[in-house]
Amino acid sequence: MTYPMLLLALVPLVTAALCVVVTARVAGALTIASSAISLALAIALVGPASRGPIHLGILRADALSVVFLLATGFLYFTTALYSVGYLKGEAGSPHFHTYARRFHVGINLFAWSMLCAPLMDGLALLWVAIEVTTVISALLVAIEDTDGATEAAWKYVLIASSGLGIALLATIFMYYAGAQRLGSSYDLSFEPLLAAARTLPVAPVRLAFVLAVLGYGTKVGLVPVHTWLPDAHAEAPTPVSAMLSGSLLAVSFYAVIRYYEIAVGALGGQFPQGVLLVFGVASLLLASLYLLGQQDVKRLLAYSSVEHMGILTIGVSFGAPVAAAGVLLHVLAHAAGKGGAFMGAGVMVRAYRTKDLTRIRDGLRVLPWSAPLFLLLIFGLSGFPPSGIFRSEFQIVAGGLANGHHTGAVLLIVLVTVAFIGLAVSTTRMICAPGADDIPAGEPSRWLIAPVLLCLAALILLGVHPPAALSDLLTRAAAQMSGGAA
Amino acid sequence: MPTSPGLYAATANTIAVGVLLVEFLMLRASLFRAQVRLYAVQSLIVCVLAVVVAATHDLPELYVLAGLSLLLKVIVVPVVVLRLLRDADVEIAGSGVIGVASEVLLAIVVAGFGFFAIGHLHLSSSVLPTAALSVSVAVVLVSFVLMIARSDVVSQAIGFFSLENGVSLASLVVASGLPLILEVAFLFDLLVAVVVFGVLMRVHHGRTDTLSTAGLTKLKG
């Protein structure tokens, strides 16, 4: 069962290469095919990975990495569909062919780098893969060639690269810690490091963990190193925003979890959980306050991503297996929900020609499909049943209470409610408040509705009845995170 | 009782301090060209240290690493940035948000903090004196001062590249045995990052006709 891993690391790359030479239409079709294959391959890995790690050279997949592969694969597929409709709207512009070529090459490379990161065996290669995701996505943020996009891309590449510089320092200190036990020629691969975790020297592991949370946390969007995030999410083309939010942040979070696993082995739970709790609460607090007064619909969703990353971080800090399973379910549900919400918002931004929340009104008349779908996704993201987010947040809170983290659990509930108020008030007004008679009604394209529907369906499926194979995978991965089986 | 360091430790420490001093020189360099040249000099010093470690500790793969870094960080990166500067036709970096004197004072405080904080951890290395590690963390922190205090894309990019030099210095101290293939992967990544930085600097210059970042204030809230 090793070929799906190899194919996952090859198919999007080959597709990106092909997109250089073919026309925009063919490139769109190729991207859809490549993304469908990638999603299928990620699903094919669910069963084998639930039974134990799979190796192939420098590639390695276990239950934890497959969760993140699923999130990326799903978003890759839905954004590939969405991109067809998205590019139709750009078709009139003078440099369309150059734009479309860059877009297709970029989005396939971006997906490729994010699919490779969870497949890397070892902290060093993981760092390399995540750095690649940064540089590719920075170019994609700049692709619109507006003042805003240029500013956002520069901030993003500078802040995220500096963060990854710190993460590289973390990698080096972790190598140092490991070399004390494993000899200098080991390559930071996970299994030897985890097996030796209990005997690693404390000081360097501690240093490496804090640096890793800060460094990779920059890309996760943890406060106070989140500052690039709202800009990049708001200025990137909508399909890129969806992938940034649902997948890129999650993949960086995957790196944090890997360091967490080793740190728990070496230091016990208290120190790493304390660090994560501080970052998580700060992110959740600041993001929910920013959500209250937000004027820009894409920035609203971006801050909601910071909020959800805060929830994930707090969830890990609870240290309970049920909370860990909730965190991983949350990664998947957030990918589906936020990806869909960005796509829905993208349709509205295009119809109204503004990102200003206060000028988008009467969505129900103007966009009879996209607007209600968007609203449903926002409520799903806020944790309304039967959305997957409800289930995952429920598990996280339950785990926190069971493990005696009462303050953390209460803070989580309160702040999530504040965030809900911010999100619900402004988006409900967008959809239901009257106004905007000058905007012609009608959906621009079915290609822009179908992927959003898919996202909503996935979000509800995760809440109502997650497939048994997926539940097994999450349980296994959660056990891994809590220091169980490797 | 502190013992006096041997010749090797003294040499290594001196070279490491050289990296930090060049970082400080970058803070006060006001010509873009000078800053890029200082970066090349700093990279060269790191390469020299790598060669010294390789020669004294019988770590042949460090020669390869030093050679590759020399090619990339002393030649390719500076040439790329200098070409960009020639096209942009701008000579002098705009003044930063704070004056040079306060910049340097701030950097001294930050560097001192990094130096003593790492020294406090007592990480010992078999190949280099621990002081070199403390110096490397100081370099990383001062490079942050450079990136924060300067408001032009070139200084910020050079700040990031020199941050990477600081990390390379740290990796010589505590991770000199890191398998070569990983080091090469890191360098390759740096190369990709340089290309992207270059592209974005060009895009920025193309749109705003300046290298200054003072106008990048549209996105907030």
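**Figure 1. Buried residues in chain B of the predicted model.** Buried residues make up 47% of the 221 residues in chain B. A residue counts as buried if 20 or more other C-beta atoms lie within 10 Å of its own, as exposed if 12 or fewer do, and as partly exposed in between; C-beta atoms are placed from the backbone. In this predicted model, local features need pLDDT of at least 70, side-chain atom pairs count only at pLDDT 80 or more, and totals for chains, interfaces and linings use all residues. Residues are numbered from 1 along each chain as its sequence is written, while chains are lettered from A and ligands numbered from 1 in the order in which they are written.

**Figure 2. Helices of chain B.** Chain B has seven helices and zero strands. From the N terminus, its elements read α-α-α-α-α-α-α. Helices (H or I, at least four residues) and strands (E, at least two) are DSSP runs, numbered from the N terminus.

**Figure 3. Dimensions and contacts of chain B.** The C-alpha atoms fill a box of roughly 55 × 35 × 30 Å along the principal axes. Among contacts with a separation of 6 or more, 76% join residues 24 or more positions apart. Two residues are in contact if their C-beta atoms, placed from the backbone, lie within 7 Å.

**Figure 4. Surroundings of T78(A).** T78(A) sits in helix α4 (residues 63-90) of chain A. T78(A) is buried because 28 other C-beta atoms lie within 10 Å. Leaving out residues up to four places away in sequence, T78(A) touches G339(A), P451(A), L454(A) and C455(A). L39(A) is 39 residues from T78(A) along the chain, and their C-alpha atoms are separated by 10 Å.
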